[in-house]
Amino acid sequence: GYSTIETWNKATKKLILVYAHGGITKDPGAVNESVKPIVNERDWIKSWYDEYLIPEFKSRKLEIATVQQTEWWKIDTQVDAIYEAGDIAIACHLNAGEADKATGVETLYCKGSANGEKLAKLFNDTVVKVLGDKDRGIKPIQWDRNKPRVHDDRGGRLVCGTKPPCILIELFFLSNDKDLADANTKRKELAKAFVDTYVAFRNKK
């Protein structure tokens, strides 16, 4: 199935970790064709989750659930299906720009969500510190469930349409060759810092 739950410590509430463009082989997300082999957003994030981030959570005996969307319009229902009170949700994506020099980190959260805003600030600061890229800031998102569903809703369905506090982090610009190369060398460091930030947020709650 596309949604799995792996539990290592029932004493803590879990993180719901959402794969970028997960489960849709025809939707690779952003693509950088100037490097060889070609790199796409979906595969970079999946590799980082599977090889670095999830093992880091596991090594610390923290509870985590993963969601890989079957269709883009089902991501909210998939997250809500495994949500329990106290959970939070995070999705990591990669940005792209028309100019290959576009750079920076930005994090989306639902406007009006106090915990979402706290999460966004903490994680955005962490990624900026590790990768050393420009801080593009945290971005409040508004989303109306009653409006027609569109594919390009700037993450609204996930960050505003789900029950847990949720953020979407654009880690770096995949279209920037230098930022991609730098991120490739810092994947382990980024995973450790990511989990450190998660633990710090939980300890403050």
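User: Which side chains meet in a salt bridge with an N to O distance of 3.1 Å?

Analyst: As a general idea, side chains of opposite charge can pair when their charged atoms come close. In this structure, which is a predicted model, the side chains of Glu 106 and Arg 136 form such a salt bridge, at 3.1 Å from N to O. The two partners come from distant parts of the chain, since Glu 106 belongs to strand S7 (residues 105-110) and Arg 136 to strand S8 (residues 135-141), 30 residues apart.

User: Is Glu 106 buried or exposed, and what does Arg 136 count as?

Analyst: The reading rests on a cut-off, with buried meaning under 20% relative accessible area. Glu 106 has a relative accessibility of 3% and therefore counts as buried, whereas Arg 136, at 31%, counts as partly exposed.

User: How many salt bridges does a search of the whole structure find, and which residues are linked in a network?

Analyst: The search finds ten salt bridges, and a network of them links Glu 56, Arg 60, Lys 192 and Asp 196. Within this group, the side chains of Arg 60 and Asp 196 meet at 2.7 Å, N to O. That pair also joins distant parts of the chain, with Arg 60 in the loop between helix H1 (41-59) and strand S5 (64-67) and Asp 196 in helix H6, 136 residues apart. Arg 60 is partly exposed, with a relative accessible area of 29%, and Asp 196 is partly exposed as well, at 31%.

User: Where do Asp 125 and Lys 121 lie, and what separates them?

Analyst: Both lie in helix H3, and because they are four residues apart, about one helical turn separates them. Asp 125 is partly exposed at a relative accessible area of 33%, and Lys 121 is partly exposed at 44%.

Note on methods: Residues are numbered from 1 along each chain as its sequence is written. This is a predicted model: local features need pLDDT of at least 70, side-chain atom pairs count only at pLDDT 80 or more; totals for chains, interfaces and linings use all residues. Side-chain values use heavy atoms; hydrogens and water are left out. A salt bridge is a side-chain nitrogen of Lys or Arg within 4 Å of a carboxyl oxygen of Asp or Glu. Helices (H or I, at least four residues) and strands (E, at least two) are DSSP runs, numbered from the N terminus. Buried means under 20% relative accessible area, exposed over 50%, partly exposed in between (1.4 Å probe, protein chains only).
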